[in-house]
Amino acid sequence: MRYTFLLYTDPADLAHMTQDDWVKEKQVYGAYIGALQEAGVFIDTDWLHPADTATTLTLKDGEKRVQDGPFAETRETLGGFFTVDVPDLDAALAWAEKCPAAKTGKVEIRASAMNSV
Amino acid sequence: MRAAHVARTAYGKLLATLAARTGDIAAAEDALADAFLSALRTWPERGVPDNPEGWLLKVARNRHVDQRRKDQRLAITDEVPEMPDTPQAPTLDNRLKLMFVCAHPAIDSRLHTPLMLQTVMGVDAVDIARAFLVPATAMAQRLVRAKRKIRDAGIPFAVPEPEQFAERLSA
């Protein structure tokens with residue numbers, strides 16, 4: 001079953017990061033990706049530009065609106081995602097726990113709804 | 001009445017066995033309820049089968065396959081095999097799996113016991129609500145949502161590894 005991990009971190013928690021810190025962080029994520037690939041569960045991943053560079057579009061209320069900025073709810077903002085193919089939720093949880101983002105923020109796990117309709 | 005006796009003693013085992021195949025507890029409950037209705041209709045005339053639990057399981061499984069064909073929402077990945085002639089009793093293992101599912105960390109901990117009461121013990125949602133001092137409709141809705149989550153999030157029907165017992169049983 002496909003699962004998607006949406007990675008959330010509070011930008012304030014990353015404010016201390018230097019260029020060297022980011023290089024190291026990239027290596028840490030590279031190792032995690034390697035592990036997923038080696039286990040044969042890796043589908044896709046991406047590292048997104050920060051939330052303040054985002055654009056939001058909506059067609060709600062029958063009117064097209066384009067806004068500068070992300071859809072904001074809490075302090076954490078979407079920073080990336082992983083998509084894995086594992087047998088069940090327990091397997092997904094085990095991999096999510098190993099994701100570096102779990103240390104500094106939240107990892108939301110959602111099963112794919114592609115085959116349910 | 002023999003069907004009532006079977007219902008009391010076997011409900012949890014039968015439901016656990018049915019639900020373990022698809023992860024869909026609500027559908028298993030419906031199929032099992034239909035099977036019990038069939039039993040109430042046919043056993044008084046034809047007599048109670050030698051293996052009443054096996055009979056109920058077979059009827060419930062056929063119901064379930066029919067319902068899935070009607071729904072056509074889920075791809076049928078495996079055909080239901082022919083039931084063997086020799087009676088096969090549902091095992092205690094499946095009830096244990098169902099209990100661990102009900103107590104999974106991905107389910108709100110307030111629902112662990114109500115879920116177990118409803119699925120393993122066959123207690124009516126109204127009675128559960130009364131025991132927990134919760135309005136009946138609220139409890140019924142929470143149970144429906146929890147079973148939907150179990151199905152859609154892919155919570156596995158499995159007894160966890162012994163190393164995980166402490167973590168899983170503390171919920």
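How many disulfides does the count come to over all chains?

## Cysteines

The count comes to 0 disulfides over all chains; the criterion requires a pair of cysteine sulfur atoms within 2.5 Å. The model is a predicted one. Two cysteines may be described individually. Cys99(A) has a relative accessible area of 1% and is therefore buried, the cut-off being under 20%. Cys102(B) is likewise buried, because its relative accessibility is 0%.

## Confidence in chain A

The mean pLDDT of chain A is 80, and 74% of the residues score at least 70. Within this chain, helix H2 has the highest confidence, with a mean of 91. Strand E4 of chain A, residues 65–68, has the lowest, with a mean of 60.

Chain A contains an open sheet of 4 strands, arranged in the order E2-E5-E1-E6 with antiparallel pairing. Its edge strands are E2 (42–47) and E6 (106–111) of chain A, each of which pairs on one side only. On average, neighbouring strands of the sheet are turned by 20° against each other, direction ignored.

Across from Trp47(A) stands Gly80(A), a residue of E5(A).

## Helix H2 of chain A

Helix H2 of chain A comprises residues 19–38 and lies across strands E1 (2–9), E2 and E5 of that chain. Relative to E2(A), the helix runs at about 165°.

Gln37(A) belongs to helix H2 of chain A.

## The largest nonpolar core

The largest nonpolar core has 55 residues. Which of them touch the most other members? They are Phe5(A), together with Leu32(B), Leu56(B), Leu98(B) and Ile150(B). In soluble globular proteins, nonpolar side chains tend to be buried together.

For Leu98(B), the residues touched include Gly12(B), Leu15(B), Ala16(B) and Ile25(B), with residues up to four places away in sequence not counted. Leu98(B) also touches Thr119(B), Val120(B) and Phe157(B).

Definitions and conventions. Residues are numbered from 1 along each chain as its sequence is written. Chains are lettered from A and ligands numbered from 1 in the order in which they are written. Side-chain values use heavy atoms; hydrogens and water are left out. Two strands pair if DSSP finds at least two bridges between them. Helices (H or I, at least four residues) and strands (E, at least two) are DSSP runs, numbered from the N terminus. Axes are lines fitted to C-alpha atoms, for helices over the stretch in contact, and angles run from 0 to 180 degrees between N-to-C directions. Contact means heavy atoms within 4.5 Å. Buried means under 20% relative accessible area, exposed over 50%, partly exposed in between (1.4 Å probe, protein chains only). pLDDT is the predictor's confidence in each residue, from 0 to 100. A nonpolar core is a set of buried Ala, Val, Leu, Ile, Met, Phe, Trp, Tyr and Cys residues joined through side-chain atoms within 4.5 Å.
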